[in-house]
Amino acid sequence: RTLMVRQLKGLQDMIDITVVNPQLGNQGWQFGGFDGANIDVIAQQLTELDSYDIYGFTEVMPKEWPAIKESLGDGYVFWYSKTGYDDRTAFAISKQRFAVIKKYELGRFEDKSLNPGNYRSPHVYELEDKVTGKKFAIMLNHLARGKAEVRQEQAEGLRRWGRSMNL
């Protein structure tokens with residue numbers, strides 16, 4: 001349906017498509033084995049896209065992260081998360097546009113566990129926009145797969161954390 005709407009609305013030049021493995025494995029969809037579905041293609045597409053001030057990536061393997069960083073260049077502050085199995089989350093933040101106030105992985109908030117075990121903890125940047133002076137937080141998150149009770153606990157903790165933010 002998404003591809004049909006993209007076509008009907010004439011958004012092909014604005015919305016690119018990246019192909020992932022159509023088989024959902026125990027680690028999610030993997031980049032590889034299909035035309036256009038590998039890190040070299042993704043890295044090339046990043047060099048061809050308009051530049052953005054913030055990029056967020058999920059399910060990035062350690063061996064793939066250097067290609068992403070290289071494709072974006074030196075104008076970014078990069079952060080590859082420490083939590084998770086082999087695939088992690090990662091940010092690229094424009095050095096020119098934002099000052100980093102604080103960065104952290106959020107394993108727990110109040111009485112809610114956001115990383116019970118070896119999941120990916122929510123990945124947070126607190127930033128100040130150098131143009132407007134406004135301060136804000138951004139979060140990159142990947143909820144636990146396949147365990148509804150863990151996902152519910154994570155979602156409730158994230159809601160509480162979001163309500164508590166005051167920059």
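Me: How many aromatic pairs does a search of the whole structure find?

Reply: This is a predicted model, in which local features need pLDDT of at least 70, side-chain atom pairs count only at pLDDT 80 or more, and totals for chains, interfaces and linings use all residues. Residues are numbered from 1 along each chain as its sequence is written, and side-chain values use heavy atoms, with hydrogens and water left out. Rings of Phe, Tyr and Trp (its six-membered ring) pair if their centres lie within 6.5 Å; planes under 30 degrees apart count as stacked, over 60 as edge-to-face and the rest as tilted. The number of aromatic pairs found in the whole structure is 10.

Me: What kind of aromatic pair do tyrosine 52 and tyrosine 55 form?

Reply: Centre to centre, tyrosine 52 and tyrosine 55 are 5.9 Å apart. With 85 degrees between the planes, the pair is edge-to-face.

Me: Is tyrosine 55 buried or exposed?

Reply: Buried means under 20% relative accessible area, exposed over 50%, and partly exposed in between (1.4 Å probe, protein chains only). Tyrosine 52, with 43%, is partly exposed. Tyrosine 55 has a relative accessibility of 9% and therefore counts as buried.

Me: At what angle do the planes of the rings of phenylalanine 91 and tyrosine 125 stand?

Reply: The centres of these two rings, those of phenylalanine 91 and tyrosine 125, are 5.4 Å apart. The pair is edge-to-face because the planes stand at 65 degrees.

Me: How many residues apart in sequence are the parts that phenylalanine 91 and tyrosine 125 tie together?

Reply: Helices (H or I, at least four residues) and strands (E, at least two) are DSSP runs, numbered from the N terminus. Phenylalanine 91 belongs to strand S3 (residues 88–94), and tyrosine 125 to strand S7 (residues 123–129). Phenylalanine 91 is buried at 3%, and tyrosine 125 is buried at 0%. The separation in sequence of the parts tied together by the pair is 34 residues.

Me: Which residue's side chain does a polar contact join to that of histidine 123?

Reply: Histidine 123 lies in strand S7 and counts as buried, with 0% relative accessibility. A polar contact is a pair of N or O atoms within 3.5 Å; within protein, one must be able to donate a hydrogen and the other to accept it, and residues adjacent in sequence count only if both atoms are side-chain atoms. At 2.7 Å, such a contact joins the side chain of histidine 123 to that of threonine 89.

Me: How many residues does the largest nonpolar core have?

Reply: A nonpolar core is a set of buried Ala, Val, Leu, Ile, Met, Phe, Trp, Tyr and Cys residues joined through side-chain atoms within 4.5 Å. In the largest core, the residues with the most contacts inside it include Leu46, Tyr55 and Trp65. At least two residues each come from helix H2 (39–48), strand S1 (54–60), helix H3 (65–72), strand S2 (76–80) and S3. The residue count of the largest nonpolar core is 13.

Me: How many residues make up the second, separate core?

Reply: Phe91, Phe98, Leu127 and Ile138 are included in this second core, which is separate. Its number of residues is eight.

Me: How many residues of S3 are buried?

Reply: On one side of S3, Arg88, Ala90, Ala92 and Ser94 are buried, and on the other Thr89, Phe91 and Ile93 are buried, which leaves both faces covered. S3 is largely enclosed by the rest of the structure, because the buried residues number seven of seven.

Me: Which residue is the bridge partner of valine 77 in S3?

Reply: Two strands pair if DSSP finds at least two bridges between them. S1 and S3 pair in the antiparallel sense over five bridges, and S2 and S3 pair in the antiparallel sense over five bridges. In S3, alanine 92 stands opposite tyrosine 55, and the partner of valine 77 is isoleucine 93.

Me: How far apart in space are isoleucine 93 and phenylalanine 78, C-alpha to C-alpha?

Reply: Isoleucine 93 is found in strand S3 and counts as buried at 0% relative accessibility. In sequence, isoleucine 93 and phenylalanine 78 are 15 residues apart. From C-alpha to C-alpha, their distance in space is 6.5 Å.
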